[in-house]
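Morning, everyone. Have a look at it first.

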Amino acid sequence: MRSVTRGLTSIPFASLIGPLAVALALLVLLVNEMGVHSVASYNAERENALETRNVVGRLRRLLLVVESSQRGYLLTGRTAYRQPYDSTLDDLNGAIADVRALADRRPAQRDTLLKVADVAASKVSETQEVVRLFDTGDRSNAMALFMTDIGRDYMEQVTHQADEINLIEAQAFDAAGRQRDRMQVWARLGLAAMVALCLAAVFAMQRLSRDRERERVQHLLALQAERDKLETEVDRRTHELVDLAKHLQSVREDERHRLARELHDELGGLLTAAKLDVARMRKRLVEATPEVNERILHLTKTLDEGIALKRRIIEDLHPSSLNNLGLQRTLEILCVEFAQRSEIAVHTEIDDVQMAPDRALAIYRLVQEALTNIAKYASAHDVHVTLRREGDQVRVQVKDDGLGFDPAHIRQGAHGLAGMRFRVRSCQGELTLHSSPGEGTTVQATMPV
């Protein structure tokens, strides 16, 4: 009786398998078609963003070529510079027309694109006027117009507007990509759900469920084995990259050392010999005119400045004081010289820590790169440099009160920060960066002694 009941109850379910499978298949097609159309729409938005960036970038490149050719022509008067100027000018006018046409297709960027086109057209007019005056023989007015800030202002406006357009289009490109990826995920989830329902409707028997469970377990085991294999390969490749980076750093430091040695031996000898010759000349020209004495004094001062510059370059390439005076004194000298050059107050708290030469050099390069970035970008007034030993670890910190930035939006290609991080990691250390707009920046590293 129980078996009969089971058979009777399975008959209605079996009669529904066909229509249910057809309905689920139609749903699968519908979800797939919606996903395809959505992905195509987002891809079109990404292509439009790329087109805008390419058109604006081409305009900027042509403007630079025209300006460079014009400068070469004005400085030399040679037709070899005039020919690329004339040929590029036609392309530049076409690029301006392309930007204007693009403005009609990109309403969101219309005003900015038109402004870029107008400024580029003004720049073209300015270059044409300068060349026209130069060709008609009025070279004084041509050079006077060329030496004004008009052309530079036009180029700065084009650069500013182009950067703004590229930023907006990059954001639109990324947003469309995220939307596309999200839609693909939802489409895949929908398809997976439909397929799961189809499988549940068609394969509703217990034996098949057991088979599928067994297959799933086997698949998971295979995935786990593959994952373990991939992790092993990743670890191996990571170690290889670390070893390669260490080798490249060692080669770079060796090359710097070689250059510093050659500068010291060759250039230093030349400058010192020149200074000695000037001193001998000065002794023999006792009755020389005041103008000659003034020239000799100026030459002596220039040689002293050259020798000082040579010494500073050599120290930047390879700090000899690191081997002779130790890390503490070398960092103090670096901070003092930086404060003198940049007119930024530098406060130091540097302990006398004995470290391996490669790690001492890593700390020196870290502080050097951090100070260089502060001078370039931070607009800071005070900098604090500290070096302390904490047990078997050394902590170095460079903190400024400058503009700061958002670490989440560090541009690609910021090789200075990447180089600092990898240098610290190659010494089994860790680098941390804390910054926010308007609140300064703190670069901190810890590594074993």
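How many Å should the 16 residues of helix α9 (residues 327–342) span at 1.5 Å a residue? The answer is 22 Å, and the end C-alpha atoms are 22 Å apart, which agrees. The expected span here is 1.5 Å times one less than the number of residues. Helices, by the way, are DSSP runs of H or I with at least four residues, strands are runs of E with at least two, and both are numbered from the N terminus.

Some ground rules. This is a predicted model, where local features need pLDDT of at least 70 and side-chain atom pairs count only at pLDDT 80 or more, while totals for chains, interfaces and linings use all residues. Residues are numbered from 1 along each chain as its sequence is written, and side-chain values use heavy atoms, with hydrogens and water left out.

Stay with α9. Which of its residues are buried? They are Leu-327, Thr-330, Leu-331, Leu-334, Cys-335 and Phe-338. Buried means under 20% relative accessible area, exposed means over 50%, and partly exposed is in between, with a 1.4 Å probe and protein chains only. Down the axis of α9, the buried residues fall within an arc of 135°, so they line one face of the helix. That arc is taken from the directions from the helix axis to the C-beta atoms. And what covers them? The cover includes α8 (320–324), β1 (345–350), α10 (357–378) and β2 (382–390). Contact there means heavy atoms within 4.5 Å. Just after α9, Glu-343 takes a positive phi of about 60°.

Next, helix α2, residues 79–105. It has 27 residues and reaches 39 Å from first C-alpha to last, close to the 39 Å expected. Its buried residues are Tyr-85, Thr-88, Leu-89, Leu-92, Ala-95, Ile-96, Val-99, Leu-102 and Ala-103.

Now the charges. The structure holds nine salt bridges. The criterion is a side-chain nitrogen of Lys or Arg within 4 Å of a carboxyl oxygen of Asp or Glu.

Arg-58 is partly exposed, at 32% relative accessible area. Asp-98 is partly exposed too, at 39%.

Another pair sits in helix α6, residues 206–284. Asp-211 and Arg-214 meet at 2.7 Å, N to O. They are three residues apart, which means a separation of about one helical turn. Asp-211 is partly exposed at 23%, and Arg-214 is partly exposed at 47%.

Also in α6, Arg-237 pairs with Glu-233. Their closest N and O atoms are 3.0 Å apart. Relative accessibility is 46% for Arg-237 and 30% for Glu-233. Salt bridges with shared partners join Glu-233, Arg-236 and Arg-237 into one network.

Last stop, the surface. Val-185, Trp-186 and Leu-189 make a nonpolar patch of about 330 Å². Patch residues have over 30% relative accessible area and no salt bridge; like charges are joined within 9 Å, nonpolar side chains (Val, Leu, Ile, Met, Phe, Trp, Tyr) within 5 Å. Areas come from the Shrake-Rupley method with a 1.4 Å probe, and for residues only the protein chains shown count as cover. Leu-189 is in helix α5, residues 150–202. At 47% relative accessibility, Leu-189 counts as partly exposed.
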